[in-house]
Amino acid sequence: MIFLEQNTEIYNNDIRAMLQAFFDNEKVVLTKEGARLSLKADFVMDRDVETMVETGGYVTFTLADEDGYEASKTVVVNFMDKKLARNPLKAGLYRLLSEYTGKTLPWGSMTGVRPTKVATEMLERGVPEEQIHKVYTDTYLTIDQKADICIEVAKKEQELFQGFEYEEEYCLYVGIPFCPTRCLYCSFTSYPIGAYQDKVDDYLDALCKEIHFVAQAKAYQSKRLVAVYVGGGTPSALTAAQLERLVTAIRENFDMQYVKEFCVECGRPDSITVDKLDVLKKLGVERISINPQTMSDETLKLIGRAHSVEQTKEAFLLAREAGFDNINMDMIVGLPGEDIEDVKHTLSEIKALSPDSLTVHSLAIKRAANLNIEMEKYRSLIKGSTNEMLLAVDECARELELYPYYLYRQKNIPGKLENIGYAAKGKECFYNILIMEEKMDILALGAGGSSKFVFHKENRIERVENVKNVDEYISRIDEMIERKKKMFECR
């Protein structure tokens with residue numbers, strides 16, 4: 001445990017984020033008893049005597065452990081702008097923690113979910129790339145590779161979204177909360193299809209009712225639907241007839257003429273059949289995902305994915321034979337028991353298949369995942385992702401002529417590394433970027449759906465949540481519709 005003592009909590013979140021970046025599994029507590037490490041943050045803020053506005057000052061961080069180690073670092077800070085003051089404060093704390101642990105972090109003192117935001121905003125202002133790179137390495141203390149990839153991704157996003165009119169367009173997400181089995185690391189809304197097979201048609205009844213309501217909403221009659229993403233769960237856990245019913249309902253209710261991409265997750269190879277692929281292809285689905293996560297049968301068994309490496313390869317080839325020329329593959333680095341050699345093996349198998357895009361996740365240990373709930377059982381196997389793994393991924397992707405187009409981080413990733421998407425030119429997934437950038441309304445339907453409404457003029461985002469439980473969604477579908485109706489009336 002780490003005892004945190006501070007005389008003001010104005011930068012509490014930033015300080016805690018830096019502590020968690022260096023000490024992944026340590027609890028930060030407010031009492032000294034039982035703590036092996038303590039951090040004291042003493043803020044001295046100067047104020048203008050007339051306005052009482054904070055104008056400057058400094059903060060002194062003092063780090064001590066139970067073995068007698070003690071070190072301090074003082075950082076001069078201009079508190080007039082809290083946002084600008086945050087960077088030198090975090091950099092100072094980063095240096096103190098780095099000296100104590102002997103560790104350097106690839107992302108330095110950068111702790112946000114969207115590290116590319118800095119590059120995007122600076123590119124929009126016309127700032128030269130060399131200067132942007134310097135901000136990453138000097139202000140945030142990132143390594144050169146992270147600065148380079150942020151700039152590359154930001155430039156790609158600018159290229160992809162030329163001509164988009166965010167206030168006049170929206171995306172549609174449709175959630176199918178069923179899977180063949182639940183993966184060890186999964187925290188999404190997901191129910192085993194075998195146990196819930198008798199409820200799938202009732203679920204689709206409710207979902208189609210929500211689809212029809214949203215498609216008729218006056219607030220969106222003048223807006224253009226630009227992307228449709230059917231996720232889960234595993235949508236391909238449905239039967240071919242159920243998939244046909246779902247996709248047909250979407251196409252018949254929404255104006256599809258401006259849609260730039262229609263994606264369906266077929267994430268589990270053990271859920272993919274020829275008749276399902278034929279249905280999706282016939283109904284105009286352009287992009288699908290076939291997700292191995294790893295190409296190790298041993299790891300697949302450990303994480304609860306009831307399929308083999310051979311099934312992954314077979315499913316991919318079936319999709320190619322069905323005519324799909326935009327196939328994504330997901331993989332996870334840092335899975336229990338896997339090291340860099342396992343990651344390189346997975347990459348070699350993926351390279352042989354040559355997907356059109358590759359989405360790479362650093363293992364995140366989510367609160368609701370069985371991996372977290374049963375942590376003591378798996379703790380010794382979890383080594384976490386490393387930057388060496390991500391560099392191997394980057395090398396493989398570029399050999400396949402796949403290039404980075406979106407990047408984000410999650411707070412539950414050991415080592416605070418990133419998730420990143422690579423794609424061949426013209427095969428990028430717009431929805432993946434838009435869900436992160438939060439520049440456009442995303443209407444999310446189905447159990448667990450979280451709609452985002454962007455109020456550009458007010459610089460704010462409102463969310464409307466659907467219940468996660470399948471039975472509750474079915475029985476309370478009118479309430480889910482009413483929640484959206486109230487928000488639509490504000491648009």
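Let's start with one term: pLDDT is the predictor's confidence in each residue, on a scale from 0 to 100. We need it because this is a predicted model. Among the elements of the chain, helix 8, residues 240-253, has the highest mean pLDDT, at 98. Helix 13, residues 370-373, has the lowest, at 62. For the chain, the mean is 91. And 94% of its residues reach 70 or more.

Now helix 11. It covers residues 309-321, so 13 residues by the helix assignment. From first C-alpha to last, helix 11 reaches 19 Å, close to the 18 Å expected. Which residues of helix 11 are buried? They are Val309, Thr312, Ala315, Phe316 and Ala319. These residues sit on the same side of helix 11, because they cover an arc of only 125 degrees around the axis. What covers them? The cover includes helix 9, strand 11, helix 10, strand 12 and helix 12.

Leucine 317 is also in helix 11. Its relative accessibility is 46%, so leucine 317 counts as partly exposed. Take asparagine 87, which is 230 residues away along the chain. The two C-alpha atoms are separated by 49 Å. Just after helix 11 comes glycine 323, with a positive phi of about 105 degrees.

Next, helix 7, residues 200-216. Its 17 residues should span 24 Å, and its end C-alpha atoms are 24 Å apart, which agrees. Buried residues in helix 7 include Tyr203, Leu207, Cys208, Glu210 and Ile211.

On to a hairpin. Strand 17, residues 450-455, and strand 18, residues 460-465, run antiparallel. Six bridges join them. Phenylalanine 453 has glutamate 462 in strand 18 as its bridge partner. Four residues lie between the strands. In this hairpin, asparagine 459 takes a positive phi near 50 degrees.

Last, the aromatic rings. How many aromatic pairs does a search of the whole structure find? It finds 24. One of them joins phenylalanine 161 and phenylalanine 430, edge-to-face, 5.7 Å centre to centre, with 65 degrees between the planes. That pair links distant parts of the chain, 269 residues apart. Phenylalanine 161 is in the loop between helix 5 and strand 6, and phenylalanine 430 is in helix 16. Phenylalanine 161 is buried, at 10% relative accessible area. Phenylalanine 430 is buried too, at 16%.

Phenylalanine 164 and tyrosine 166 make a tilted pair, because their planes are at 40 degrees. Their ring centres are 6.4 Å apart. Phenylalanine 164 is buried, at 12%, whereas tyrosine 166 is partly exposed, at 21%.

Finally, ring pairs link Tyr170, Phe213, Tyr220, Phe453 and Phe488 into a cluster.

Terms used:
Residues are numbered from 1 along each chain as its sequence is written. This is a predicted model: local features need pLDDT of at least 70, side-chain atom pairs count only at pLDDT 80 or more; totals for chains, interfaces and linings use all residues. Side-chain values use heavy atoms; hydrogens and water are left out. Helices (H or I, at least four residues) and strands (E, at least two) are DSSP runs, numbered from the N terminus. The expected span of a helix is 1.5 Å times one less than its number of residues. Buried means under 20% relative accessible area, exposed over 50%, partly exposed in between (1.4 Å probe, protein chains only). The arc is that of the directions from the helix axis to the C-beta atoms. Contact means heavy atoms within 4.5 Å. Two strands pair if DSSP finds at least two bridges between them. Rings of Phe, Tyr and Trp (its six-membered ring) pair if their centres lie within 6.5 Å; planes under 30 degrees apart count as stacked, over 60 as edge-to-face and the rest as tilted.
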